[in-house]
Amino acid sequence: MHADSNGYSTDVPRVHHLTSWEAAEIICRDQGFHLVRIDDAAENATVRALVTQLAGNYEFYIGASDLAVEGSWRWSDGELFWLGGPAGAPAPGLYANWIAGVEPNNFDVGTEDVAVMTNAGDWNDVNPSGVRPYVCERN
Ligand SMILES: [Ca+2]
Ligand SMILES: [Ca+2]
């Protein structure tokens with residue numbers, strides 16, 4: 001897997017390849033990466049621009065999930081960064097960019113347990129079985 005100077009996967013097949021959230025995370029981990037963790041607004045913009053440049057204006061998986069405990073959003077490295085639904089709050093000092101006041105709404109009969117970055121750059125929780133592009137980040 002190729003990475004740019006910021007450590008993000010830049011292989012065109014990675015950002016074009018469509019798979020489920022968990023399969024994407026396994027693919028990243030097998031190569032010493034993980035699904036991308038977004039730590040601030042600058043990184044959010046950088047990763048959004050990278051995908052738009054390489055693949056187009058698609059939504060894509062990032063490394064956030066509440067698969068373990070509903071409403072406890074963790075990065076794929078295990079760190080808790082958000083508690084609650086749309087009216088929840090970030091963990092102290094940590095970044096989140098959910099669609100304001102709307103997400104994460106755990107819609108779709110409560111199956112929305114992983115996050116995508118939308119084509120506008122904000123985040124939505126979605127069903128993890130959907131096939132989408134993804135970005136890995138080097139460990
Ligand atoms: Ca959920
Ligand atoms: Ca949602």
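Which residue of strand 3 does Ala 64 stand opposite? Before the answer, some bookkeeping. This is a predicted model, in which local features need pLDDT of at least 70 and side-chain atom pairs count only at pLDDT 80 or more, while totals for chains, interfaces and linings use all residues. Residues are numbered from 1 along each chain as its sequence is written, and chains are lettered from A and ligands numbered from 1 in the order in which they are written.

Now the answer: Ala 64 faces Trp 75. Strand 2, residues 60-65, and strand 3, residues 72-75, pair in the antiparallel sense over two bridges. Helices (H or I, at least four residues) and strands (E, at least two) are DSSP runs, numbered from the N terminus. Two strands pair if DSSP finds at least two bridges between them. The hairpin of strands 2 and 3 has six residues between the strands, and there Gly 71 takes a positive phi near 85 degrees.

Strand 2 also pairs with strand 6, residues 114-117, again antiparallel, over three bridges. Tyr 61 has Val 116 in strand 6 as its bridge partner. Six of the six residues of strand 2 are buried, so the strand is largely enclosed by the rest of the structure. Buried means 20 or more other C-beta atoms within 10 Å of the residue's own, with C-beta atoms placed from the backbone.

Finally, the chain. It contains four helices and eight strands, running α-α-β-α-β-β-β-β-α-β-β-β from the N terminus. The radius of gyration, taken over C-alpha atoms, is 14 Å, close to the 14 Å of the globule rule (2.2 Å times the number of residues to the power 0.38) for 139 residues, so the chain is as compact as a globular protein of that length. The C-alpha trace spans about 35 × 30 × 25 Å along its principal axes. Buried residues make up 33% of the 139 residues.

Key: A residue is buried if 20 or more other C-beta atoms lie within 10 Å of its own, exposed if 12 or fewer, and partly exposed in between; C-beta atoms are placed from the backbone.
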